Amino acid sequence: MTSQNGNGNGNGNGKKRAADRTYDIVLFGATGFVGVLTAQYLAAHAPEGLRWAIAGRDTGKLERLREKLAADHPACAELPLVSADVADPKSLREMAGHARVVATTVGPYLTYGQELVAACAEAGTDYVDLTGEPEFVDLMYVRHDATARETGARLVHSCGFDSIPHDLGAYFTVRQLPEGVPLRVDGFVRTNATFSGGTFASALNQFARGPQMMAAARDRRRHEPRVVGRKAYAPPAAPRYAGEVGAWALPLPTIDPQVVQRSARALDRYGPDFRYRHYAAVKTLPFAVGGATAVGGLAAVAQVPPARRWLSSRLKPGDGPSEQRRARSWFSVRFVGEGGGKRVFTEVSGGDPGYDETAKMLGEAALCLAVDDLPPVAGQVTSAVAMGDALTARLQAAGIRFRVAAER
Ligand SMILES: NC(=O)c1ccc[n+]([C@@H]2O[C@H](COP(=O)([O-])OP(=O)(O)OC[C@H]3O[C@@H](n4cnc5c(N)ncnc54)[C@H](OP(=O)(O)O)[C@@H]3O)[C@@H](O)[C@H]2O)c1
């Protein structure tokens, strides 16, 4: 792992609290769409002796989930259940106090996630989530980063398809390029996947909150220390035909470029002057225009509260794509990196991004924080900063491909 500066310097916590915590990992929101998939992933992949528990607000649902897990994994018959409700902050503090790592799928995070981040920061408990909400991440930075650095908690947001393939993919690409020189990396995302009720609700929430999102970003900039002697930026990109990947490239205003930029600010390995641009790659021009129009239309409709409520009711929390639909889904993020006279083409790819692979990423991120030897960082940190090499190796072993396609 390269040295890091500017973000996340803290006392770290590695394995030091094992003795005074009841659980290594608590999975909160285990009964939701991604929560169930993550519980199934942990049931199949948790190393022997790992002390983990499933948590949620409905004990009956947790019991039924435990029975389902035990049908395939008999050891899960004794899996502990933790009762916690977002509406009861004391229950969140108790849960955080008993765990070394809390992994949460309870979103939209701006609505349901704030108290849990506070509880984990105060208790020195590591935290991973699936948020793609920039406003939430910026608010949590301003309110809890300093406390987490003091207590040693690692607060790692966006540990699903947002933003692990992009963050670790950019990290992987940078490591194929020379050190100590200006670097340029472009990421191009392709997928055929569909989404769940929880994700749809989070997206609608975000579309409706442009001004608040910008205010939170401004507030963060006021609090965040500047990087001295290096530059790392992710400017808004313009649509273009990208001959290097043979596709139309549409700027993708997700949280991913912000995450990559934060990793680049924190890690010297990204060089003295790093730029990242983030795109959706679309094969044909009509498809590109159609996709941009549909997203623009959804964003416009989300500004009108009754229309937003109607849209929300179309896809309910807990709903999501079927197992058959997920089995046909795939994603690919291709990166083109340049610097020091070298050009490299890399790719991160896998199966259903939003659910099966997201559950795998969240599960592996929680296991990585609980089990692996990691750099001594604390505070709000990205996946690359907290777990870069170890999590990349875990995901590769779990079937997510990181490859160098070509270099010149
Ligand atoms: N980053 C990514 O790539 C990615 C991918 C997929 C999903 N996501 C995000 O992950 C989140 C979950 O998605 P999903 O599809 O799994 O949503 P979901 O099916 O609606 O699940 C939400 C979970 O939150 C729980 N919950 C709701 N209110 C609660 C409360 N007051 N106290 C405790 N628990 C509460 C629900 O519990 P009950 O079962 O009791 O209702 C359920 O377990 C969303 O924010 C979504 O945007 C991100």
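Q: What counts as a polar contact here?
A: A polar contact is a pair of N or O atoms within 3.5 Å; within protein, one must be able to donate a hydrogen and the other to accept it. The model is a predicted one.

Q: Which backbone atom does the side chain of T382 reach?
A: The T382 side chain reaches the backbone nitrogen of V385, at 3.2 Å.

Q: Where is T382 found?
A: T382 lies in the loop between β14 (379–380) and α15 (383–397).

Q: Is T382 buried or exposed?
A: T382 counts as buried, because its relative accessibility is 6% and buried means under 20%.

Q: Which residues does T382 touch, leaving aside those up to four places away in sequence?
A: T382 touches V156, D167, V259, R262 and S263.

Q: D167 belongs to α7; how many residues of that helix are buried?
A: Helix α7 (residues 164–174) is mostly covered, with eleven of its eleven residues buried. Among them are H166, D167, Y171 and F172.

Q: Turning to α15, at what angle do the axes of α14 and α15 cross?
A: The axes of α14 (residues 356–371) and α15 come within 10 Å and cross at roughly 130 degrees. The two helices are therefore oblique to each other.

Q: Is that crossing of α14 and α15 left-handed or right-handed?
A: The crossing is right-handed.

Q: Which residues make the contact?
A: From α14, the contact involves K360, M361, E364, A365, L367, C368, L369 and V371. From α15, M387, A390, L391, R394 and L395 take part.

Conventions
Residues are numbered from 1 along each chain as its sequence is written. This is a predicted model: local features need pLDDT of at least 70, side-chain atom pairs count only at pLDDT 80 or more; totals for chains, interfaces and linings use all residues. Side-chain values use heavy atoms; hydrogens and water are left out. Helices (H or I, at least four residues) and strands (E, at least two) are DSSP runs, numbered from the N terminus. Buried means under 20% relative accessible area, exposed over 50%, partly exposed in between (1.4 Å probe, protein chains only). Contact means heavy atoms within 4.5 Å. Axes are lines fitted to C-alpha atoms, for helices over the stretch in contact, and angles run from 0 to 180 degrees between N-to-C directions. Angles under 35 degrees count as roughly parallel, over 145 as roughly antiparallel, 65 to 115 as roughly perpendicular and the rest as oblique. A crossing is left-handed if the near helix is turned anticlockwise from the far one by less than a right angle, and right-handed if clockwise.
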